[in-house]
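Here's a quick tour for anyone meeting this structure for the first time. Have a look at it, and then we'll walk through a helix contact and some charged pairs.

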Amino acid sequence: MKLKALALASCMAALTAPVAAEGLKVGMITTLSGGGAGLGIDVRDGFMLAVSQADRKDIEVVIEDDQRKPDIAVQLADKMIQSEKVDVLTGIIWSNLAMAVVPAAVAQGKFYLSPNAGPSVLAGKGCNPNYFNVAWQNDNLHEAGGAYANTADYKNSFILAPNYPAGQDALTGYKRMYEGELAGELFTKLGQTDYASEIAQIRASGADSVYFFLPGGMGISFLKQYADSGLDIPVVGPAFSFDQGILQAVGDAALGVVNTSQWNKDIDNATNAQFVKTFQEAYGRLPSLYASQGFDTANLLMSAMDVADVSDADAFRTALQAADFDSTRGDFKFGSNNHPVQDIYVREVIKEGDVFTNKIIGTALSDHADVYAADCKF
């Protein structure tokens, strides 16, 4: 217990104070309050765990809360670029915030490493050589959902997501791979918590399956209300609605649900096993998808720093593209648009003792790249 307390104290100190050293300066803008706070906290904690473990005294991290508001995110980015003089930006969870911040940041010569949001515009026609996504392009996990639905022989899916860039990409991705018919398609309000109307429409639709993308608190509300409704139509979703923090809040309603992810705690490689262990020791909880993405983002950044100085933008960019780091996912590589080419897994929600979690039960898509890379012209 003493070692655990020391590890936690060390990591929390890293979170509350920048690393006092010369070198590269990182501006992390992420969601640390409100309904989506758990996602940003996990990205932050994963990122800072990697920096702490590497004992990098040459990285200074400035962390700010965007409150899930695009105008706040823009103000913070302007302050970090103009006043803080950061070299690299990272941290944004939500695609509408990414669209508000990233284009202006990279236009000013800053590098942006996304640990989460992957809007289609930034993968395709709006790509930029200084923008790297370390997580996925928004469509990818939903494409895997569509591929899984085919193997499960679903013929008439009802699909729904929030009406913002990631929600639009989600349903586009599902439909790209799904071969059946649609019993219905709905865009909900971002941040919505009452789904009585949507559940009534699902009930009346004749659907044989439901695919939904509702991250954070939205997913918790939907799953609980869906379970209470008595509907027994199978539910499929991306990891965002079945991730570690969400599962504890949803409880038994999530058991047995299938979801898709490019990461899970049981991916069999030494880096992932060590990450899961040390994250639990440091923070007293299992890591989430978001935590793994923050961890990988920091390790990518440090791998580039080992071979190039950020002041030499061309060399630093080349070092980032090489992605010469040990990822929690195992092999990691970027496609031509600086987005991952990777396996996407099928997971099932299970219970280990008193803890709800996921286990991998198959692979939905192998060595998968996003379709927008063809439109990216650096």
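## A salt bridge across the chain

A residue counts as exposed when its relative accessible area is over 50%, and as buried when that area is under 20%. Keep in mind that this is a predicted model.

With those cut-offs, Asp306 is exposed at 55%, while Arg56 is buried at 14%. Their side chains meet in a salt bridge, 2.9 Å from N to O. Asp306 sits in the loop between helix 12 and helix 13 and Arg56 in the loop between helix 2 and strand 2, so the pair ties together parts 250 residues apart in sequence.

Glu143 is buried, at 0% relative accessible area, whereas Arg176 is partly exposed at 32%.

Elsewhere, Asp42, Arg44, Asp45 and Arg285 form a network of salt bridges.

## Where two helices cross

How do helix 11 and helix 12 cross? Their axes come within 11 Å and cross at roughly 115°, so the two helices are roughly perpendicular. The crossing is right-handed. Thr271, Phe275 and Phe279 of helix 11 make the contact with Ala291, Ser292 and Phe295 of helix 12. Of these residues, four are nonpolar, two are polar and none is charged.

Key:
Residues are numbered from 1 along each chain as its sequence is written. This is a predicted model: local features need pLDDT of at least 70, side-chain atom pairs count only at pLDDT 80 or more; totals for chains, interfaces and linings use all residues. Side-chain values use heavy atoms; hydrogens and water are left out. Axes are lines fitted to C-alpha atoms, for helices over the stretch in contact, and angles run from 0 to 180 degrees between N-to-C directions. Helices (H or I, at least four residues) and strands (E, at least two) are DSSP runs, numbered from the N terminus. Angles under 35 degrees count as roughly parallel, over 145 as roughly antiparallel, 65 to 115 as roughly perpendicular and the rest as oblique. A crossing is left-handed if the near helix is turned anticlockwise from the far one by less than a right angle, and right-handed if clockwise. Contact means heavy atoms within 4.5 Å. Ala, Val, Leu, Ile, Met, Phe, Trp, Tyr, Cys and Pro count as nonpolar, Asp, Glu, Lys and Arg as charged, and the others, Gly among them, as polar. A salt bridge is a side-chain nitrogen of Lys or Arg within 4 Å of a carboxyl oxygen of Asp or Glu. Buried means under 20% relative accessible area, exposed over 50%, partly exposed in between (1.4 Å probe, protein chains only).
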